[in-house]
Amino acid sequence: MPFLGQDWRSPGWRWVKTADGWKRSEPFSPALDGNSQHSDISHTVILTDDDDEEIYSTEHCEFATKKRKKDHCRSNTDSQCFYREKWIYVHKESTRERHGYCTLGEAFNRLDFSSAVQDIRRFNYVVKLLQLIAKSQLTSLSGAAQKNYFNILDKIVRKVLEDQYNPRLIKDLLQDLSSTLCILIRGVGKSVLVGNINIWICRLETILVWQQQLKNLQMNKQVNNGLTLSDLPLHMLNNILYRFSDGWDIITLGQVTPTLYMLSEDRQLWKKLCQYHFAEKQFCRHLILSEKGHIDWKLMYFALQKYYPIKEQYGDTLHFCRHCSILFWKDTGHPCTASDPNTCLMPVSPQHFIDLFKF
């Protein structure tokens, strides 16, 4: 039960339980002066500095301490919001049970993308999502979401520099992010980004440093006396190439050995890749013939990629429950009330994730 003071804005008097019942605590109360268990009761502290004296109550000291902690948390770039539950209810309108709206920044904070970066199945998914946010949704992020965004970006860069894992993806992400920031900071008369303009200039400088580090990245040569990729039979190497869904990955693998280069130039391989990503009607609009009169499927793939989106493949994605309207990682689960939860799940692509929070 709260005990309100005269001012309705105050938290009320402070009460303590004694042998004679509940009593209101007062500064230097004789009844509570010798009681050790109530040593945390409000009292008066006198601080002396030369000839000046200032009197502070414990409540003022506690307020100052909390304010310092809050300022330190705000100034700390590594600060990040953590939540026990790794799911979020997606609601787009206020109801009697729920007030307010679910924003992109709130979802970005709640879904633990920081841990998802360390999972190789989710790495490409998170990078693609950050890239889409950098292109169109950067201005909609709150201050806390901005810190989480750049903290996750920092972890991605560190992972690539340490493990040399898929640097091409992060290079494209940083390029899109730096281009967007240059437009918003320099091209727009007044910055539309949340936060001080000097903070964003510092972040832009950090992005340029990351780009230079990735440009100077040297791949570590693996020393292995066991079985290597070159020792595999041709049909197995060819089977590996046919499982790639990205043309740049095929070209990169083809640069490893002359044998892989020969297999990566196979016309049938690029034809299958084009048929997987694009429709036959799109082929007719952008036909590219070789000198021998045959269709150059490799050039066709990169030409069609400029005009049409390609299919995206990820090891793991976020899922949306149509019954509960909850967005979550599948292995973490969510409190579903459906009789058969698996029938209500729907995988969410990065673009679909962005679209969920467009009102």
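A charge sits over a ring when NZ of Lys or CZ of Arg is within 6 Å of the ring centre and within 35 degrees of the ring normal.

**View 1. Charges over rings: Arg 122 with Trp 329, and Lys 311 with Tyr 276**. The model shown here is predicted; local features need pLDDT of at least 70, side-chain atom pairs count only at pLDDT 80 or more, and totals for chains, interfaces and linings use all residues. Residues are numbered from 1 along each chain as its sequence is written, and side-chain values use heavy atoms, with hydrogens and water left out. Look for the charged end of Arg 122 over the Trp 329 ring, 4.2 Å from its centre. Lys 311 lies over the face of Tyr 276, with 4.9 Å to the ring centre.

**View 2. The edge-to-face pair of Phe 113 and Trp 329**. Rings of Phe, Tyr and Trp (its six-membered ring) pair if their centres lie within 6.5 Å; planes under 30 degrees apart count as stacked, over 60 as edge-to-face and the rest as tilted. A search of the whole structure turns up 14 aromatic pairs. In this one, the centres are 6.1 Å apart and the planes stand at 80 degrees, so the pair is edge-to-face. Phe 113 belongs to helix H3 (residues 113–116) and Trp 329 to strand S7 (residues 326–329), 216 residues apart. Helices (H or I, at least four residues) and strands (E, at least two) are DSSP runs, numbered from the N terminus. Trp 329 is buried at 1% relative accessibility, where buried means under 20% relative accessible area, exposed over 50% and partly exposed in between (1.4 Å probe, protein chains only).

**View 3. Phe 113 meets Phe 353**. These ring centres are 6.0 Å apart with planes at 90 degrees, so this pair is edge-to-face. Because Phe 113 lies in helix H3 and Phe 353 in helix H14 (residues 350–356), the pair ties together parts 240 residues apart in sequence. Ring pairs also link Phe 113, Tyr 125, Tyr 314, Trp 329 and Phe 353 into a cluster.

**View 4. The largest nonpolar core**. A nonpolar core is a set of buried Ala, Val, Leu, Ile, Met, Phe, Trp, Tyr and Cys residues joined through side-chain atoms within 4.5 Å. Helix H4 (residues 123–137) gives the most, with nine residues. A second, separate core of 19 residues includes Ile 251, Leu 263, Leu 269 and Leu 273.
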